[in-house]
Amino acid sequence: MFVGLIALWWQAMRRDPGEISQEQVRRLQNRWILAGGLALPLGSIALILALGIPAGRNMLPLPPAGGDAMVIEVKAYQWGWRVTYPDQDIELTDELHIPTDTPVDIHLTTADVIHSFWVPRLAGKLDTIPGRTNVLRLEASRPGEYRGQCAEFCGIGHAHMSFTVTAHPPEEYEKWREKAQADD
Amino acid sequence: MLKALWRPTHPAHTTLGLILWSLWFVALYGGLSVACELVPPTLEQGAVNWLNASLLLLTLATTGVLLWLTQRCWRAAKRFEGSSQERLIAQVGAGAHGFSAGAALIVGLPVTALPPCL
Amino acid sequence: MTEPDPNQHRAFERVWGNRPGWGALAAVNHTSIGLRFMGTGIFFFLVGGLLAMLIRTQIALPEQEIIGPETYNQLFTMHGTVMMFLFAIPVLEGLAIYMIPKMIGTRDLVFPRISSLGYYCYLFGGLIILSSLFLGIAPNSGWFMYTPLSSAEYAPGPGSDFWLLGITFVEISAMAAGIELTVSILRSRAPGMTLSKMPIFCWYILAMALMIVFGFPPLILGSILLELERAAGLPFFQVAGGGDPLLWQHLFWLFGHPEVYIIFLPAAGIVSTLIPVFAQRPLVGYRWIVLAIMITGFISFGLWVHHMFTVGIPQLAQAFFSAASMLVAVPTAIQVFAWLATLWVGKVIFSLPMLWVFGFLVVFVCGGLTGVMLALVPFNWQVHDTHFVVAHLHYVLVGGMFFPLMAGLYYWLPHLSGRMPSRNLGNWGFWLTFIGFNVTFLLMHLTGLLGMPRRVYTYESGMGWDGLNLLSSVGGFIMSAGIALIILDVVLHFRFGKPAPRNPWNADTLEWATRTPPSSYNFLSQPRIETRHPLWDRPDLPDTIAAGAHGLRDIGHGRREIYGTDAVHARLKEVIHLPTNSWWPLLSALALAVVCISLLIRTYPLALVALAVATGLLLRWSWENGAHPKAAPLGLQEPTDPPLHSRTCDGPGLWGMAVTLLADATLYLSLLFSWFYLWTVSPEWRLPEETPLALAPLVLCGLLLAAAVALYSRMTQRLRLGQDRNLLANTALVALLGVLHTAALIGVFAGADLRPTELAHDAVLMVMLFYLLFHSGLATVATGLQAWRVKLGYLSARLPYEPMVLKPFWMYTLGIFWLSVAVFLLLPMAWGSA
């Protein structure tokens, strides 16, 4: 679309139209503006929204079919991430461990300023806001280590405020959990 | 004074539609935010609940009014010749009303698909 | 080409010219002020560009420690701040101030002293902000200053104060320009130039001016609230006291998004002006473009939340804003296709300005497409706050503003220097800039998609970002080389350029009917304009204007006079007499600068003294109006058909007041928004058990105000009918009622049991009370001065102008008083009892 428009513009600058009557200009005006100025953008918008809204709905943290999602609490601070597994007595810093193929709700809070929790390969980003708890749904389909980083500028340490999310297959995750609880 | 304002060739009509659109937009966003704080509908209802329904109704009513105003200006524009001042204003007015109507419809339509407070 | 009669020219220059030497600082002439705005803006552009080069140097390679995080944070904060507030907006305002009177066929803007005040506020404010950089205490929280990172706890140094106070100071200039451009375009067009015959550029500037009027107040309020929080501990943005940090984001982006269009619209106006000239055909789809301008103006106020998609707002609300954001593509597409159609039907003369227009199209359309992508919520969640957004915003702003500005620069350069620029150097400048820009920012899209967040001062190697960043930095330096060439070209052309013929591009608009460079009075006689393309349809106009064949050619009276016409049909209504060179704007701006600096160093007694001095100066300034001997004393050589504006009931002053009140009302609405926002959304908002204000005295106070307003309004009605019996007594009585009312209000305030540092509720109430007090006090003082003017004979049945200007202010004061009582007092009481 972009290339087409530029080419059209280039052509318009180069060509010599000869004599054109007022009536022809009016017809051209209405045709071009209706087609290019109204139909083109409105059509694209309708298409994008039709695709985008259902995609957005699928990312909502709606309760999953089989009961509640697993919950991990993450509190951001200048400059790091405190990770708590509620009722499980596990506390970590700058690292999360999750089972694969399981919806996980990250409950995001902050101890000081606004940060933003972002694991590019797993989900979009969500800010941590003072006084509020925001919920982000994560689900990893493949085991592995995913890099995450603070995405909202938060002061001097912002550039180094990264963390990792490690996804384990469910059995290995259980093993990790028992070990972590024993360590604490 | 009011009568002159209401004439479709008055310059006020070039912005009236957009002002109505803005008011509707404020009501839509403000209403949603306030309702979600005070009396949120339950999650299980999804997109079918009283809040979305009233927002949809508001949207349709606004669109209707704007379409009526579009038609009014459009007909007025046809009564004037050439490129007179009156014709320009009535045409721009029709365009602005028409765009506002379309904009209200497009912006309002997501209420049919998404749950309100999540 | 006829030159005007030299005697006539000298006589006009004596009245309209600036004073020699240092006296030029007292200049109020729009040509001088416009040039000063643009010159200063270019200086700040170079500063901002230098900061960008430092930023690109630091992140050219991974894990560098050349600059360090603290300085880096100051650099990018200042880069954004300088480019947005000290370059983009002022330069475009300057262009509008320079061009608009010439395009609408008049000699100056209607409030020339306000232009001058605006310029000095901009200059001093800009220098104050810039000084923080050299002191090493620049703001470091990013140019949008998100709380709580920018609040006292996490930014204890004075950096944020520099930003808040400096920017608010600079914004006085934007508000001034917004108000006077609106009124000038509506009320001083050449007779016969109806709205439909106005040059398209004026439509763009009118929209920009009105958007400034409605767009800036939310940020001004936000800055005031945040500065109050930082300096006095009022918890507007602190959760513990019942405030909410997200309120800042709402107020900031309520301003911030319209601002993008405040920058884009005038630039698009340049494109719409140039294309028909170089195609030598009238613009195709004039009314479509007018429609597109209006739509842009409105819609842009409905998208602010798209900067906040990741703060956790319900997805349905995000969908509204997402759809509205995409709708902006419609008016933009209308304009692009109208331009295209104009080029299509015309035989295009390809010259340097058109090269820049072509560059604009390529870059801006690209930026527009990524913009539509960003408006899509799920995509936004991924790339928000990455370098993708940085690339997008530079495509939109540089493409949408800088490229058209350069096109305009080359187009109007002969107008302001009388010489043509060179073709060769200019071409090199364009291509270097264009290539450098695309190398820098096209690649940055990729860096962002690869997950590099914005505002990091360094990054680890091996993330796939290394090579791209290095290339981006190289591109940045190529672009700077291009800009250096352009500057060289412009500087050289003043010395070596070929003298420009009159109207060198064969343009259709009136600014080319002046001399080049222009004289201080623009037009020796003011013509009637019957067509949208005056210079195409009447090529002899420049000569007949210079020969004095049209209106207002008399200068013997020594007044600066222009025609005042009605807003829609441009029917001749009055002769507006404008003030001449004046020191008051400079002195007032200096006093305000002292206020600003003393607030920065927290020396509050000094701030109070300076504020009193500034108020005194501003009132003294307002004294030289109407029938004052320095303005237009009653008597000799007075035109009656049409009359002088100060002898009428409806002049530019009334319109200026109306537009000012629109801005003022927007400020008040922003306060109401903050109140309701905190009340409904803030996590720990608390209403006190008992209302802290005493209701009965407040009602009494309001009744006094109502009496004053009723009396004043009856007085103005009688003045309108030509009756001025008891005018002095009436005015004095209104002033007395105003004093009683203000005293009662102070009493209520003093007796109120407010705990503003503990409760956001009380803090908002306090701001509201100060707001009311300011209006009541100002109305009272102004009326008192009017009583004095009645006594001196500056105000009478023959001179009814000034009360007409003040009356809307009284009405507004009454309106906000009772609205405040209802919203801030009765509503919480009703809520509490329910």
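Tutor: Before we look at single residues, a helix here is a DSSP run of H or I with at least four residues, a strand is a run of E with at least two, and both are numbered from the N terminus. This is a predicted model in which local features need pLDDT of at least 70, side-chain atom pairs count only at pLDDT 80 or more, and totals for chains, interfaces and linings use all residues. Residues are numbered from 1 along each chain as its sequence is written, chains are lettered from A and ligands numbered from 1 in the order in which they are written, and side-chain values use heavy atoms, with hydrogens and water left out.

Student: What places Asp87(A) in a loop of chain A?

Tutor: Strand 2 of chain A covers 80-85 and strand 3 covers 90-93, and Asp87(A) is found in the loop between them.

Student: Why is Asp87(A) called exposed?

Tutor: A residue is exposed over 50% relative accessible area, buried under 20% and partly exposed in between, with a 1.4 Å probe and protein chains only. Asp87(A) has a relative accessible area of 83%, which is over 50%, and therefore counts as exposed.

Student: And why is Asp94(A) called partly exposed?

Tutor: Asp94(A), which sits in the loop between strand 3 and strand 4 (95-99) of chain A, has a relative accessibility of 28%, and because this value falls between 20% and 50%, the residue counts as partly exposed.

Student: What makes the backbone of Asp87(A) and of Asp94(A) worth a remark?

Tutor: Most residues other than glycine have a negative phi. Asp87(A) is not a glycine, yet its phi is positive, at about 60°, and Asp94(A), again not a glycine, also has a positive phi of about 60°.

Student: How do you know that chain A is more spread out than a compact globule?

Tutor: Chain A has three helices and ten strands. Its radius of gyration is 26 Å, well over the 16 Å that the globule rule (2.2 Å times the number of residues to the power 0.38, with the radius taken over C-alpha atoms) gives for 184 residues, so chain A is more spread out than a compact globule. Along the principal axes, the C-alpha trace of chain A spans about 90 × 40 × 30 Å.

Student: What domains does chain A have?

Tutor: Domain 1 of chain A covers 24-58 and domain 2 covers 70-183, the bounds coming from an automatic or database domain assignment. Taken over C-alpha atoms, the centres of domain 1 and domain 2 of chain A are 40 Å apart.

Student: How does the radius of gyration of chain B stand against the globule rule?

Tutor: Chain B comes to four helices and zero strands. The globule rule gives 13 Å for 118 residues, whereas the radius of gyration of chain B is 18 Å, well over that value, so chain B is also more spread out than a compact globule. The C-alpha atoms of chain B fill a box of roughly 60 × 25 × 15 Å along the principal axes, and 44% of the 118 residues count as buried.

Student: What does the globule rule say of chain C?

Tutor: For 834 residues, a compact globule would have a radius of gyration near 28 Å, and because chain C has 27 Å, its value agrees with the rule. Chain C holds 24 helices and four strands, its C-alpha atoms fill a box of roughly 80 × 75 × 45 Å along the principal axes, and buried residues make up 68% of its 834 residues.
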